[in-house]
Amino acid sequence: LLQYQVEELNEFAIAKGEFESIEAEHKKLANSTALIELCRSQLHILQESDDGSVESLLNTSISQGQDLENYDPELGNVVSMLNDALIQVQESSSELERYLDGLELDPEYFAHLEQRISKAMQLARKHQVSGEELYSYHQTLLAELEDLGSDDDKLDDIKQELQASRDAYLQHAKKLSQSRSRYAKELDKQVTHSIHELNMPKGKFNIAVNFN
């Protein structure tokens, strides 16, 4: 089961932080129409409104502030702050324009994201984790499988060591048995000779040595 789970997650191969990334990208593209409309509305308010854009109103306010400063230099700080505000508005407009230029409506890419998220959520539900946890869960299973493989390798090593020990034992036992057989034959001769000297010419002594 563990092997199957790992192979399934290997095939999907979610990267670290990928789920969060594609989820955010999918959300952005799913709301791309609303994003475009709102960005354009903001640009209109900041730059192009017939009723007076923020930028034009600030320019008017700065011009009037400069007149005030001419009457009283203490109001110079007001003009400075208005200039800072104008810079912020202009930078905001530029940022919105850059964002709109980079916002591409690619149906194929959007479909790819939907498929990827759907598969990720399917696997997450199957393994009872969240989409954000799927990557770390995959890594945990990989580590468990690696440990299991390591245990199998250790077991194989132990089996090989046991077999080597058994072979060495059998070889030693065989040599010992052969040595005993030689000594047994020699003892047979000596005892048989002694029996013959006791006037028992047909007497015979025999030691049987078996190797199992």
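Is His138 buried or exposed? In this predicted model, His138 is buried, with a relative accessible area of 5%.

**His138 and its surroundings**

- His138 is a residue of helix H7, which runs over 134–197.
- Beyond its neighbours within four places in sequence, His138 makes contact with Val6, Leu9 and Asn10.
- His138 counts as buried because its relative accessible area of 5% falls under the 20% cut-off.

**Helix H6**

- Helix H6 spans 107–126 and comprises 20 residues.
- From its first C-alpha to its last, H6 reaches 28 Å, close to the 28 Å expected at 1.5 Å a residue.
- The buried residues in H6 are Leu113, Arg116, Ile117, Ala120, Leu123 and Ala124.
- Viewed down the axis of H6, these buried residues fall within an arc of 130°, so they line one face of the helix.
- An α-helix has 3.6 residues a turn, so residues three or four places apart point the same way.
- Pro107, Glu108, Gln115 and Arg125 are exposed on the other side of H6.

**Aromatic rings and charge**

- Arg116, one of the buried residues in H6, has its charged end over the ring of Phe12, 4.0 Å from the ring centre.
- The number of aromatic pairs in the structure is zero.

**Loop residues with positive phi**

- Ala13 has a positive phi of about 55°, although this residue is not a glycine.
- Ala13 is located in the loop that joins helix H1 (2–12) and helix H2 (18–30).
- With a relative accessible area of 44%, Ala13 is partly exposed; this value therefore lies in between the cut-offs of 20% for buried and 50% for exposed.
- Gln128 follows H6 and has a positive phi near 60°; Gln128, too, is a residue other than glycine.
- The loop that holds Gln128 lies between helix H6 and helix H7.
- Gln128 is classed as exposed because its relative accessible area of 73% is over the 50% cut-off.

Conventions
Residues numbered from 1 in each chain as written. Predicted model: local features only at pLDDT ≥ 70, side-chain atom pairs only at ≥ 80, totals over all residues. Heavy atoms only, no water. Helix = DSSP H or I, 4+ residues; strand = E, 2+ residues; numbered from the N terminus. Buried < 20%, exposed > 50% of the residue type's maximum accessible area, 1.4 Å probe, protein only. Contact = heavy atoms within 4.5 Å. Phe/Tyr/Trp six-rings, centres within 6.5 Å; stacked < 30°, edge-to-face > 60°. Lys NZ or Arg CZ within 6 Å of the ring centre and 35° of its normal. Expected span 1.5 Å × (residues − 1). Arc of directions from axis to C-beta.
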